[in-house]
Amino acid sequence: MLEGIGVSKKFGGLAAVSNFDFSVVEGQIVGLIGPNGSGKTTLFNVITGFYPPDTGRVIFKGREITHHKPYQIAKLGIARTFQIVRPFLELSVLDNVAIAVLYGRENMGSMEKGRARALELLKFVGLESKKDVLAHQLVAVERKRLELARALAIKPEFLLLDETFSGLSDTEIQEAIRLIYRIRDDLGVTIFLIEHVMKAVMGTCEKIIVIHYGLKLAEGRPEEVSQNPLVIQAYLGKRRA
Amino acid sequence: MSVTYILETIISGILFGGIYSLLSAGFCLTWGTMKVLNISHAVFAVLGAYMAYWFFVKGSLDPLLSLPLLALLLFFLGGIVYRLIIRPVTKAKDVIMASMVVTFGLAIVIENVMSYFWRPDPRILKPPYTGASFFIGEIAISQGPLFGFVLAILAIGLLYLFLYHTYTGKAVQATWQNPVGAALVGINPERVSLITFGLSIASAGVSGVAMAFIYAFYPSVQMVWTLFVFLVTIVGGVGSILGTAFAGLMIGFITGVSAAFLPFVWVNVILFALLWFILLFKPEGLFGA
Amino acid sequence: MELRRGVILNLEQDKKLVDNRTRVRRLMRTSIVVLIILLFLFPIIRPPLFFLTLFFSVFMYVALTESWNLMGGYTGYVSLGHVTFFSIGAYTTALFMNRFGVSPFATAILGGIFAAGLAGLVGYPVLRLRGAYFVISTLLLAVIMQLIFMNWEFVGSSTGLWFKLLPVSMETNRLIFYEVMLVLATLITLLVRRVEKSKLGAGLIAIREDEDVAKTIGINTPWLKMQAFILGAFFAGCVGGIYGYYMSYIHPDITFNINTSLLILLMAFFGGCHTWTGPLLGAVILSLANQLIVTFIGAEISRILYGLLLVIIIIFMPDGVIEYIRASQFFQKERTS
């Protein structure tokens, strides 16, 4: 459904992403892992149109989106969350989601309709009791739910999640994993996620891609990848491998 | 139009440019370190010009001699303004907007206080040595701008030395580049801000004296000088004192060149249109971070 | 580390809060309607001309500040160049009236259109800038336009332009303009309010809150910003057209006066720029105060007081009056920490 071919992105002298190939099949949950600074978020930024890649192409459902603008990519059905959540702080939880409903693929015309639909989404992520609370009053976990709800509000077919599990307790991780599965199963959204929390990765992903210094290091099922000596070396250093 | 004339206008432009550099240096400093857009910066320059004027006219004290006193007084004034006005504003959600608005209010107050007490008639600061012209071959360089320029360069030099060769100065730079990091290594951001702002106002005052060597001044000229400040800051970027210095010189040079070939009124249009284009295509400025 | 700031909803208190809110809203709505009707009828009691002039000025600032707020408050792009569009409106009206004898009230619309045209032209490059750079570029726009108009024969350069006067008495003159500006101010405020509650308004607010995120939820940010910019310019142009005619003489120093741009900014900021009531409040209070002080005390003192007032207000309420009220107990739900 989504694939990247030979994607490279440099900043100044530093190659954040080098000649990176990846593909995610429809209905999959794929993870992207790698040490800090390895280029993961940059890749997401390239996919969502915030940076044009220096080389390479990004293709979504057979359509080339390499040089598309972010809003166009959103309209085509790719949604994303951010590593550090970015809610619309001054607005209510409901409105945060409602605006996304209006401008997303459902393309509604008025805030009333948008809010109605937003309420359903809030129920889906478990935030409906907080619907009138202003976003800046939310706790961290709630903000993550909000971020998710807002991303889902544009009715995407593909979702990019950037380190959603960071800072969550064990119970919260389990809840979040269940939520991810529901997004895939009930809403039919394909998921590509960046993650550091191994428990979450192992618990959700069918396929894992490992990135290191911008290069693809390994790819495969979670069991395979976790045994891969190169991967272990990248994370833990040579001696442990 | 002789070569001499062209050279004279260009040199004159460069001299003016150097003075604009000093005028903008302090503004750049506060914007860079504290994210404070001090619209009242130029009005303190005008205040400095008036102070030197009164020392000269009433106290027979040569402007160059009254400078240290002037700078000191304005440094303290800057500290007071910081404590009373700027510091509360740095707590706002949108510091840039809030600081812009509050310093605009301040500028109006100071401008009109000056206007009320000293009347809006234009003044000139003309110590005897600014009358003559200095000659390189056939090229005449008016001594007013020349002294102003030398003053400006010296002041910028001092500022530079402070920033790069004193502990406090380096602390200021650190805060500029990375406020959180600076705080983490034990630099007191409060003190840095206080010193920075005081320094900024003091430099504004000194630049006002330099400006007075080349322009007549009156309270409402502060708005025109503010535009120069913006001009230099945007072109030079908010990154460094040197960047500002070069930007000022460049702008002076362009002013000189345009003045040599165009009617004077269009020079300003060109300048601001140029600025506009730079803003559009390279807003970080030519030397910006 | 996130501080836990949970919200506990107590059904009874919640209901009281909702009741309070709706009560205040209804009260505000009715009182504003009543006020507007009273204002329309005001001239019937034949008040001294001074009041008509005073209110004209207030209405004008309300119109200008509301129209500015589309860009400044909702979108978060503070323009110091609003005065440019105002002037284009004034000059367009003057030229069309003088050369073609077109009715001034129709040409005011034309003034709006020309202003909107300029906004469209300039908007594309300017709106790509962010933050302080945007602000300064709009300021420069005003300055450059002023310089151009000062030196351009066609628009009268430094001599200015005269309007043909209406063939009526001074009193009727003032009366007509009073009513016209009141209508304009009301219309513009209502339209701005309509935008605020519309899909466009929601999009603009999203841009203000977080422009990058807005893009990821499908908002075509350049296009929305352009709409706000052009619409605001159009309104300002119309106001300018009426103003020019009212003053019967325009000159670059008067119309392109940066002070006006900054005044608008202050009014919006003072009243709180996140909603339509803010600029209204700010414009009414500040322009009334300003006019009164200028008339009775003197220009310089008035500016000093005005400046001081501004400084003090920003120091105590850095985010504007309406925000301050919103944040106060009356509207807040109970918080536990």
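Predicted model: local features only at pLDDT ≥ 70, side-chain atom pairs only at ≥ 80, totals over all residues.
**Entry: helix α11 of chain C**

I then examined the helix that ends there. I noted 14 residues in α11(C) and a reach of 20 Å from the first C-alpha to the last, close to the 20 Å expected at 1.5 Å a residue. I checked burial next: 11 of the 14 residues are buried, so α11(C) is largely enclosed by the rest of the structure. I recorded the buried positions as Ser261(C), Leu262(C), Leu263(C), Ile264(C), Leu265(C), Leu266(C), Met267(C), Ala268(C), Phe269(C), Phe270(C) and Gly271(C).

**Entry: contacts between chains**

I asked which of the two pairs of chains in contact shares the most contacts. The pair is chains B and C. I found that their contact takes 31 residues from chain C and 35 residues from chain B.

I turned to chains C and A, where the contact takes 20 residues from chain C and 26 residues from chain A. I saw that α7 (199-209) and α8 (211-216) of chain C each give at least two residues to the side of chain C that touches chain A. The most comes from α7(C), with five residues. I listed the classes on this side as six nonpolar, six polar and eight charged residues.

I also looked at chains A and B, which do not touch; their nearest C-alpha atoms are 11 Å apart.

**Entry: the domains of chain A**

I recorded the division of chain A into domain 1 (12-77 + 156-241) and domain 2 (88-155). Their centres, taken over C-alpha atoms, are separated by 24 Å. I found that the contact between them takes 12 residues from domain 1 and 10 residues from domain 2. On the domain 1 side, α2 (70-76) and α6 (170-187) of chain A each supply at least two residues. I noted that α6(A) gives the most to this side, with four residues. By class, I recorded seven nonpolar, three polar and two charged residues on the domain 1 side.

**Entry: the largest nonpolar core**

I found 281 residues in the largest nonpolar core; those with the most contacts inside it are Val97(A), Ile19(B), Val46(B), Ala49(B), Val101(B), Met211(B) and Val239(C). Its largest share, 15 residues, comes from helix α9 (residues 221-247) of chain C. I noted that domain 1 and domain 2 of chain A both give residues to this core, so it lies between them.

I followed one of these residues further. Not counting residues up to four places away in sequence, Ile19(B) touches Gly148(B), Phe149(B), Ala152(B), Ser207(B), Ala210(B), Met211(B) and Ile214(B).

**Entry: chain B as a whole**

I counted 11 helices and two strands in chain B. From the N terminus on, I read the elements as α-α-α-α-β-β-α-α-α-α-α-α-α. I recorded spans of about 60 × 45 × 35 Å for the C-alpha trace along its principal axes. The radius of gyration of chain B is 19 Å, which agrees with the value near 19 Å for a compact globule of 289 residues. I found that buried residues make up 53% of the 289 residues. Among contacts in chain B between residues at least 6 apart in sequence, 79% join residues at least 24 apart.

Conventions
Residues numbered from 1 in each chain as written. Chains lettered and ligands numbered in written order. Core = buried A, V, L, I, M, F, W, Y, C linked by C-beta atoms within 7 Å. Buried ≥ 20, exposed ≤ 12 C-beta atoms within 10 Å, placed from the backbone. Domains from an automatic or database assignment. Contact = placed C-beta atoms within 7 Å. Nonpolar A, V, L, I, M, F, W, Y, C, P; charged D, E, K, R; others polar. Expected span 1.5 Å × (residues − 1). Rg over C-alpha atoms; globule rule 2.2 N^0.38 Å.
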